Structures are given as C-alpha cells and as structure tokens.
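Visitor: I have a model open and would like to go through it with you. Can we start with the overall numbers?
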Amino acid sequence: MKAVIVCTSVSHGNTKRIADVMGQVLEAPVVNPEQIDSAELATYDLVGFGSGIFFQNFHPQLRQFVRSLPRGDHGRAFVFATSGLPEPPIRPFTRPLVRLLGQKGFEVADTFTCRAFDTWLPMKLVGGINKDRPNATDLEAARTFAERLRARTGAVS
C-alpha cells in the first residue's frame with residue numbers, strides 16, 4: 001500500500017520530527033499541504049494529517065486544506081499532533097479533524113499526540129515549556145504508533 005503524510009510544522013519543527021519518524025516506518029513522503037494536490041490524495045491508500053496545536057486547534061493551513069478536499073471515498077487516514085499542553089480528555093485536539101476527515105470520506109484508523117516545545121505567548125515569558133520535547137521517548141512512541149498502524153492497515157509490505 002502507498003502512504004503519504006501531510007504535515008504543517010511552523011514553530012519549532014516539532015511536528016515535522018514526529019512526521020519524519022512515522023514517514024520512515026510507513027515509507028511515506030512528508031509534504032506540506034501546498035505540495036500536494038487534493039486529487040493526488042486519491043492515489044494513496046493511507047494519508048496522515050498532522051500539525052502543532054494552536055489555540056486548541058490544528059494549524060489553520062492544515063484545517064483549510066482538509067476543508068477544501070472533495071467528499072468521496074478517500075480510504076484510510078490517521079491524525080497526529082504535537083502540543084505544549086496535554087490533550088484534554090474532555091475535548092481532544094484530534095476530535096474535530098477526525099470528524100472533518102470522516103465527513104470527507106476518510107476512515108480514520110487512529111490518532112497520535114505528544115508534548116512538544118512551546119513558546120506561545122504566556123510560555124514565552126518563561127522561555128517556553130517542554131524544551132526537550134519531542135524527546136527520544138516521544139520519537140520512539142511515534143515509531144511504535146506507525147509500526148502498529150502499518151500492521152493494521154497494511155500500509156507497506
């Protein structure tokens with residue numbers, strides 16, 4: 001099966017580091033939304049969508065890209081995010097994007113989140129939080145997530 005990862009990583013490269021690890025396991029290129037045409041997504045069996053979290057949401061560029069996708073049978077997807085603060089159980093960061101992808105015709109196989117270096121306004125005053133994240137443990141968790149995803153979806157042989 002053929003896979004691709006659509007990733008918006010703008011602040012510190014946190015999300016790109018996670019995407020690159022997953023991409024290695026899935027043998028999937030990591031691209032920005034502007035680097036791939038929505039019609040091209042139909043040629044992939046598995047599509048990953050990820051970004052950092054801003055104001056409890058995925059990056060606007062990634063959300064706009066997903067909103068612009070035509071409805072149809074798009075196959076399988078997964079969602080991933082990095083954030084300075086933990087994902088709240090009451091309102092998970094991933095839920096809105098998972099729902100939107102479902103409305104577009106994707107079957108979302110799984111989600112992944114991890115903490116990451118964050119210098120958003122109040123955190124900037126103290127030099128940021130999670131300065132060492134994503135760390136080796138986070139990258140290994142991303143690798144394990146991708147391996148399990150590959151095993152469940154048959155993303156690569």
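Visitor: What share of the residues in the protein chain is buried?
Guide: This is a predicted model. Of the 157 residues in the protein chain, 43% are buried.

Visitor: And the accessible surface, how much of that belongs to carbon and sulfur atoms?
Guide: Carbon and sulfur atoms account for 52% of an accessible surface of about 7,800 Å².

Visitor: How many helices and strands are there, and in what order do the elements run?
Guide: The protein chain has five helices and six strands. Starting at the N terminus, the order is β-α-β-β-β-α-β-α-β-α-α.

Visitor: Of the contacts between residues at least 6 apart in sequence, what percentage join residues at least 24 apart?
Guide: In the protein chain that figure is 76%.

Visitor: Switching to helix 5. Which of its residues are buried?
Guide: The buried residues in helix 5 are Asp138, Ala142, Phe145, Ala146, Leu149 and Thr153. Their arc around the axis is only 95 degrees, so they sit on the same side of helix 5.

Visitor: What does the face turned away from that buried side carry?
Guide: That face of helix 5 has the exposed residues Ala136, Thr137, Arg148 and Ala151.

Visitor: How far apart are the end C-alpha atoms of helix 5, and what span should one expect?
Guide: They are 25 Å apart. Helix 5 covers residues 136–153, and at 1.5 Å a residue its 18 residues should span 26 Å, so the two values agree.

Visitor: Which residue caps the N-terminal end of helix 5?
Guide: Asparagine 135 does, with a side-chain oxygen 3.0 Å from the backbone nitrogen of threonine 137.

How values were computed
Residues numbered from 1 in each chain as written. Predicted model: local features only at pLDDT ≥ 70, side-chain atom pairs only at ≥ 80, totals over all residues. Heavy atoms only, no water. Helix = DSSP H or I, 4+ residues; strand = E, 2+ residues; numbered from the N terminus. Expected span 1.5 Å × (residues − 1). Buried < 20%, exposed > 50% of the residue type's maximum accessible area, 1.4 Å probe, protein only. Arc of directions from axis to C-beta. Polar contact = N/O pair within 3.5 Å; in protein donor to acceptor, adjacent residues only side chain to side chain. Contact = heavy atoms within 4.5 Å. Areas by Shrake-Rupley, 256 points an atom, 1.4 Å probe, with all protein chains shown as cover.
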